[in-house]
Amino acid sequence: DTAVTDDLAAEGVARDVVRAVQQARREAGLEVSDRITVTLLAESHVGDAVRAHEKFLRAETLADDVAYGSLDAHPADAPTASVGDGASVGVLVVRA
């Protein structure tokens with residue numbers, strides 16, 4: 001079956017966010033083994049997709065805490081990543 005279900009699409013978005021978190025970790029100079037706190041600033045459908053797969057996100061990124069906010073709160077000069085269907089997400093990462 002080649003149909004993309006809503007759950008499968010949400011999983012794909014969550015995987016894209018994991019990639020964006022790992023990139024933000026590298027850019028922040030953090031080690032792969034560092035425990036982190038993640039703040040995601042995204043459109044509501046991206047936040048919903050990540051919440052549905054938050055356990056996966058935490059396990060893959062060693063995130064102790066994940067906070068969610070609106071993309072409107074993202075600083076204009078801070079980088080964003082494109083996920084899923086081209087939605088933008090801001091990822092802020094700090095050592096826990």
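This is a predicted model: local features need pLDDT of at least 70, side-chain atom pairs count only at pLDDT 80 or more; totals for chains, interfaces and linings use all residues.

Reply: Residues are numbered from 1 along each chain as its sequence is written, and side-chain values use heavy atoms, with hydrogens and water left out.

Me: Which residues of helix 3 are buried?

Reply: Helices are DSSP runs of H or I with at least four residues, strands are runs of E with at least two, and both are numbered from the N terminus. A residue is buried under 20% relative accessible area, exposed over 50% and partly exposed in between, using a 1.4 Å probe and protein chains only. In helix 3, residues 54-61, the buried residues are E54, L57 and T61. Seen down the helix axis, they fall within an arc of 60 degrees, so they line one face of helix 3; the arc is that of the directions from the axis to the C-beta atoms. K55 and A59 are exposed on the other side of helix 3.

Me: What covers the buried residues of helix 3?

Reply: Contact means heavy atoms within 4.5 Å. The cover includes helix 1, strand 1 (36-42), helix 2 (44-52) and strand 2 (63-69). T61, a residue of helix 3, has a relative accessible area of 0% and is therefore buried. Not counting residues up to four places away in sequence, T61 touches V18, V21, Q22, R25, D34 and I36.

Me: How is helix 2 placed, and which of its residues are buried?

Reply: V46, G47, A49 and V50 are buried in helix 2. They cover an arc of only 160 degrees around the axis, which puts them on the same side of helix 2. The face turned away from that buried side carries the exposed residues S44 and A52. Covering the buried residues of helix 2 are elements including helix 1, strand 1, helix 3, strand 2, strand 3 and strand 4.

Me: How many residues are in the largest nonpolar core?

Reply: In soluble globular proteins, nonpolar side chains tend to be buried together. A nonpolar core is a set of buried Ala, Val, Leu, Ile, Met, Phe, Trp, Tyr and Cys residues joined through side-chain atoms within 4.5 Å. Here the largest one has 24 residues, of which V17, V21, L40, V46, L57 and V91 touch the most other members. Helix 1 gives the largest share of this core, 7 residues. Leaving out residues up to four places away in sequence, V46 touches V13, V17, V83 and A87.

Me: Which residues lie nearest the centre of the largest pocket?

Reply: On a 1 Å grid over the protein atoms alone, a pocket is an open set of points where a 1.4 Å probe fits, with protein on both sides within 12 Å along at least five of seven lines; lining residues have an atom within 4 Å of a point. The largest pocket is lined by 14 residues, and A20, A24, E27, P79 and V91 lie nearest its centre. Helix 1 (6-27), strand 3 (80-83) and strand 4 (87-95) each give two or more residues to this lining.
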